[in-house]
Structures are given as structure tokens and as C-alpha cells.
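Please look over the sequence and the model first.

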Amino acid sequence: LTSQFNIPRRHRQLRHSLGPQLVEESNNETSQPYQGLTGLRNLGNTCYMNAVLQCLCSISPLVEYFLSGKYVTALHKENGEVATAFAYLMTDMWLGEFECVSPEVFRSVIGDLCPAFTKKTQQDAQEFLIYVLNELHEALKKSCKRRCYGNTSTSREDRGTGSETSIITQLFEGQLSYDITCLACQTTTDKNEVFTVLSLPIPSESACSLQDCLECFFQQDTLTWNNQIHCSFCGTKQDAAVKANIGKAPKMVIFHLKRFDYQGSYKRKLGTNIYYPLSNLDLSPYIYPLFRKNPKYNLCAVVNHFGYLDGGHYTAFCKHTLTQNWYSFDDAQVSEIPQASVQSAAAYLLFYSCKAFSVPTKTHKY
Ligand SMILES: [Zn+2]
């Protein structure tokens, strides 16, 4: 599936600020000092796709799963095209044989299922990310046998913790638990919901912190008027107080900063400078005390959005597993950036991991 348009790495200009020793080693065909630092060709407004793919390629446990060939045994043949194309692309991007590869096969496979992604118009990176994660989950899921002793017939909607698991749910899926209190009779019920991306409101137009966004997301809300809930104790619709907590924290947590604000036909982009920690993000204030196992998260990748609604540009910042340095991925351009540049007012999607990554190795033959 490797594209004929790929440029062999030996023909490229070295742009990375690496020492002379590493540059010399690049001539040695057996070592790939640039693994995981492969640019992606822009196929006409596909920067949203490229930025998301670079972030996914920087998540070692995910790359390892595909490079090791583990995915082959889990793959459902009938809807496995996206996962297979993803595996080939991750391999090309990780092995570092090329300066830049073209994601055209991946795009064409995903475009057969969702034609919006083959149009030459800008798409939303968050929608694309959710679409890809969902396709990978559907292709790689397996039924979980834990279901047989989970016969406490609660009305919980737990897709992830119950029936079907995949590398996607294992890495990215968390669970939100809502405590809903009827304001008439004070009865509290709970409702669970799985998530792979948390969409956070932005409480300021100028500047705020990621923690401010989290506070805003997890604060208690009151449901009135059209949003009233049916209280089974009162037997009628009632006003209710709702408070969300994290029931199960995922290994990787992805935040979507809701910069695109829609009010009827009026839409705008919030250029708020949101300060986010590069390490030790503490989610424990939002996690049920019983489940506080890995409360500290480190930033591993960022999708940036520049410009306005329809004509913007996406890039990615990713922390490299091998060097622990940060790199900027702007379509075909890959360059090392200082850690201080990772904080940017353009941040749109933030990927945090609760564990340090190990280096993926390729054992599967393609
Ligand atoms: Zn009630």
C-alpha cells in the first residue's frame, strides 16, 4: 500500500537539528534515527487528517499494537479496510524510511465510507478523530467474557466496561457518571456514559487554564424547563441537579477545546489562550475517590487550529518516544521545537497519557 509518491529518506534535506553523529547514522539503512518523524503529504485541505494521524502515531501503545501485527488476529475481515490501511500507514510513518509519505490510500478507504473526507474542503479534526477511533474499534472489537458475572441488572449504559473491548477502548475509553438529583424529592439516581473525547467548554474569551475548562465541565448543573428529567419517585417531570464525575479514567485522555461556538446561525471561533500543563495534570478532583488510581497525566500530543472557521489550518505537536523531544508536524514539514513552544493559543485537541510510553518495535511482516 506504500504510495509511489513517497520520497525515499536518503534524498531528503536534513532539517532536524540533530547532532553530526545522528546525521551520519541516517546513511546506514539498518538504523532509522528518524522513526516516528515522517511528514504527511497534503492531498488538498487534508491538514486536519494529517494532524490527527501524527498525534495517533505518537501514541506508542497504539503504534505497537499495529506494528507487532497483534491487530491481525483481532481484525474483522468484513469491515477491516480502515484498520488495515491505518496499520500500513502507521508502519510507513514509524519506520522512518521516508521523509514524507502520502496518506492517499488511507484517505480513499475512509472516503468510501464517509465521502466528506474525500472532499477537498476543510473538515473538523475532532470529528475526524472520533470517526477514525470508532472505525478502528468496530474493526478490532471482541466480546468480553466478563459479561457473564455482570448480571446485576442496573440500567447503566456501559458499552465499554461491559460487552465489547478493543485496543481503542483499552487506551481511550473512560466513563462519566452523572448523579441526578430530583429537586422536588431529593432522590438521587445515577447514569453512566462512556467517552473517548471530552469536549470542554471555554469559560473565558481572553485567557484561562485547562483546569478552568475542567471545573466548568464538571460543575453542578440544574436542568429546568425543556431539560427537566422524569423522576420515577415523583412520577412526573421535575427540575433536577446534575453533577458529572469520572467513573473510570482512561489511560489516554483526549480533550477537545470547544473553540467553535454556534449560536443559531451565528458561529465564531474562540481564540482564548488556554494554559495547559505539559506534565502532572491532576484529574483526581473529578474522579470518584474509589477509582483514583492514575490521577497524574502528561501531555503527549496537541492538534492546533490556526485561522478561522472554514479556511483554517491544522498542525500537530507531538512528543517523540525515543528522544522525548517535541516536534512540530505541519503536513510534510517536520521540525524539532523547544518545549516552551508547545503551549500555544492555537491548541484544539490535547492528548494526555497517564503512563510513560515505551518504544514500539516492528515484528510483523508487511
Ligand atoms: Zn422526585
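The sections below go from the whole chain to a helix, a loop residue, a sheet and a hairpin.

## Overview

The model described here is predicted. Its secondary structure comes to 10 helices and 23 strands. The protein has 366 residues, of which 34% count as buried.

Contacts can also be sorted by how far apart the two residues are in sequence. Among contacts with a separation of 6 or more, 69% are between residues 24 or more positions apart.

## Helix H5 and its surroundings

Helix H5 covers residues 81-95. At 1.5 Å a residue, its 15 residues should span 21 Å, and this agrees with the end C-alpha atoms, which are 21 Å apart. After H5 comes Gly 96, which has a positive phi near 75°.

Of the 15 residues of H5, 11 are buried, so the helix is largely enclosed by the rest of the structure. Among these buried residues are Val 82, Ala 83, Phe 86, Leu 89, Asp 92 and Trp 94. The buried residues of H5 pack against helices H2 (47-57), H3 (60-67), H4 (70-74), H6 (104-113) and H7, and against strand E3 (98-101).

## The crossing of H5 and H7

One of these partners, helix H7, is made of residues 125-140. The axes of H5 and H7 come within 8 Å and cross at roughly 110°. Angles of 65 to 115 degrees count as roughly perpendicular, and H5 and H7 are therefore roughly perpendicular to each other.

On the H5 side, the contact is made by Val 82, Ala 83 and Phe 86, and on the H7 side by Glu 135, Leu 136, Ala 139 and Leu 140. By class, this contact of H5 with H7 has six nonpolar residues, one charged residue and no polar ones.

## Gly 36 in its loop

Where does Gly 36 lie? Its place is the loop between helix H1 (20-25) and strand E2 (39-40). Is Gly 36 buried or exposed? A residue counts as buried if 20 or more other C-beta atoms lie within 10 Å of its own; Gly 36 has 24 and is therefore buried.

Leaving aside neighbours within four places in sequence, Gly 36 is in contact with several residues, including Cys 57, Ser 58, Met 93, Trp 94 and Gly 96. Its contacts also include His 320, Thr 321 and Leu 322. Gly 36 and Thr 91 are 55 residues apart along the chain, and their C-alpha atoms are separated by 9.1 Å.

## A four-stranded sheet

Four strands form an open sheet with antiparallel pairing, in the order E7-E6-E13-E10. Strands E7 (188-195) and E10 (221-223) stand at the edges with a single partner strand each, so one side of each is left without a neighbour in the sheet. On average, neighbouring strands of this sheet are turned by 35° against each other, direction ignored.

Within the sheet, E7 pairs with strand E6 (residues 174-182) in the antiparallel sense over eight bridges. The bridge partner of Asp 179 is Asp 190 in E7.

## The hairpin of E15 and E16

Strand E15 (residues 260-263) and strand E16 (residues 266-269) pair in the antiparallel sense, over four bridges. Gln 263 stands opposite Tyr 266 in E16. The hairpin has two residues between the strands, and in it Gly 264 takes a positive phi near 65°.

Terms used
Residues are numbered from 1 along each chain as its sequence is written. This is a predicted model: local features need pLDDT of at least 70, side-chain atom pairs count only at pLDDT 80 or more; totals for chains, interfaces and linings use all residues. Axes are lines fitted to C-alpha atoms, for helices over the stretch in contact, and angles run from 0 to 180 degrees between N-to-C directions. Angles under 35 degrees count as roughly parallel, over 145 as roughly antiparallel, 65 to 115 as roughly perpendicular and the rest as oblique. Two residues are in contact if their C-beta atoms, placed from the backbone, lie within 7 Å. Ala, Val, Leu, Ile, Met, Phe, Trp, Tyr, Cys and Pro count as nonpolar, Asp, Glu, Lys and Arg as charged, and the others, Gly among them, as polar. A residue is buried if 20 or more other C-beta atoms lie within 10 Å of its own, exposed if 12 or fewer, and partly exposed in between; C-beta atoms are placed from the backbone. Two strands pair if DSSP finds at least two bridges between them. The expected span of a helix is 1.5 Å times one less than its number of residues.
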